[in-house]
Amino acid sequence: MATKGTFENNFEDYSEGTAITVLNGTQDDISSKLQTKLQKYTDAKLHFLTTELASDIFYDNTVYTGSVGLALYYFMSALNNKETYTENLRNALLYININNLKGRRISFLCGDAGPLALATVISYKLAQDTSDLPDYKTLVQRLMSLMSLLNDSPDELLYGKSGYLYALLFVNKYIDERSIVPLHYIEKAQAHISANDMKTLIKPTLDWLINQKFPSGNFPSSLKSATGDRLVQWCHGAPGFVPMLILAHQIFGDDKYLKTALQCGNVVWERGLSTKGYSICHGVSGNAYTFIQLYQATKESIHLYRACCFTEWCCLERSGTELQPPERPASLFEGLVGRLYLARDLQSLPVAHFPAYTV
């Protein structure tokens, strides 16, 4: 049923018969036919992005709305394809300008930490193959110097401390040296939180959040929100809760977290074709990740089928299905790069993850 801000979902419900058009014979991956369609879509749109939309790419040099979102796309593509590894890393460098950072925000998505973290890792991986960047050890020191902004930053992912923590974890993951970012910089990451804190602080907070759920299964965009039970998108509502609930289930082993995540999935299936368009942040691409994450957690084909349906919606661009064109059409979180990221992830399910959200 369509509600305000959403289109009615006219896709057929999952069955082995309906899914055969997009899934393979064992229904544990997408079909070769869909693989081919997504690759053709990616090739065409990447050409369009880097030609006709090229003037919009460098907007603010952030991962969220600027050129570094495209750099992140190329970086992740490099990791997924050994044949084009160096080419994709070199392409990523074209969209990072570490000499033009503003020094005001520290998060991975909307601050200096994103460009610096990516530049650090690429400098390390290309080694002597690049003269475009300083040595990675110099870059990581510049990244860690952002710690001076910590006390004046909020706690959130988009603009604050959580986003900075992500950047540090990102560097430690992709540089094959033991803790190039010293552990005392990341004492608040999951691996370094005590069992007692997990039990007495984290779990009660999760349980409190679950209790804020609407009867529909959706979640409010904020406390005492005036929008009520309306928004179903990554940045507001059920989709953004799913990865947190899946992780909670994995850590605590309590089935209520997975049950709630599955309820969120049903909400997204019913109300997730947003009239705002195709974006990762507040559109259908971001909502498609709900189903990718649920499939990874459960291996149930219904979720993979649903992910394919939402991805198809984004790729076909049917007339009238984007009532709010993006202000930054060449960006990762608002524009075309997000759809390219999704299309690639649907073809690489074991390693697929929402950009800048899961390390």
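This is a predicted model: local features need pLDDT of at least 70, side-chain atom pairs count only at pLDDT 80 or more; totals for chains, interfaces and linings use all residues.

Student: What makes two rings a pair?

Tutor: Rings of Phe, Tyr and Trp (its six-membered ring) pair if their centres lie within 6.5 Å; planes under 30 degrees apart count as stacked, over 60 as edge-to-face and the rest as tilted. That rule gives 27 aromatic pairs.

Student: Why is the pair of Y166 and F170 called tilted?

Tutor: The ring centres of Y166 and F170 are 6.2 Å apart and the planes stand at 35 degrees, so the pair is tilted.

Student: Why does Y166 count as buried?

Tutor: Buried means under 20% relative accessible area, exposed over 50%, and partly exposed in between (1.4 Å probe, protein chains only). Y166 has 7% relative accessibility, so it counts as buried. F170, at 2%, is therefore buried.

Student: Why is the pair of F354 and Y357 called edge-to-face?

Tutor: The planes of F354 and Y357 are at 70 degrees and the centres 5.7 Å apart, so this pair is edge-to-face. F354 is buried at 2% relative accessible area, whereas Y357 is partly exposed at 28%.

Student: How do you know that the charged end of R328 sits over the ring of Y59?

Tutor: The test is that NZ of Lys or CZ of Arg is within 6 Å of the ring centre and within 35 degrees of the ring normal. The charged end of R328 sits over the Y59 ring, 3.4 Å from its centre.

Technical notes: Residues are numbered from 1 along each chain as its sequence is written. Side-chain values use heavy atoms; hydrogens and water are left out.
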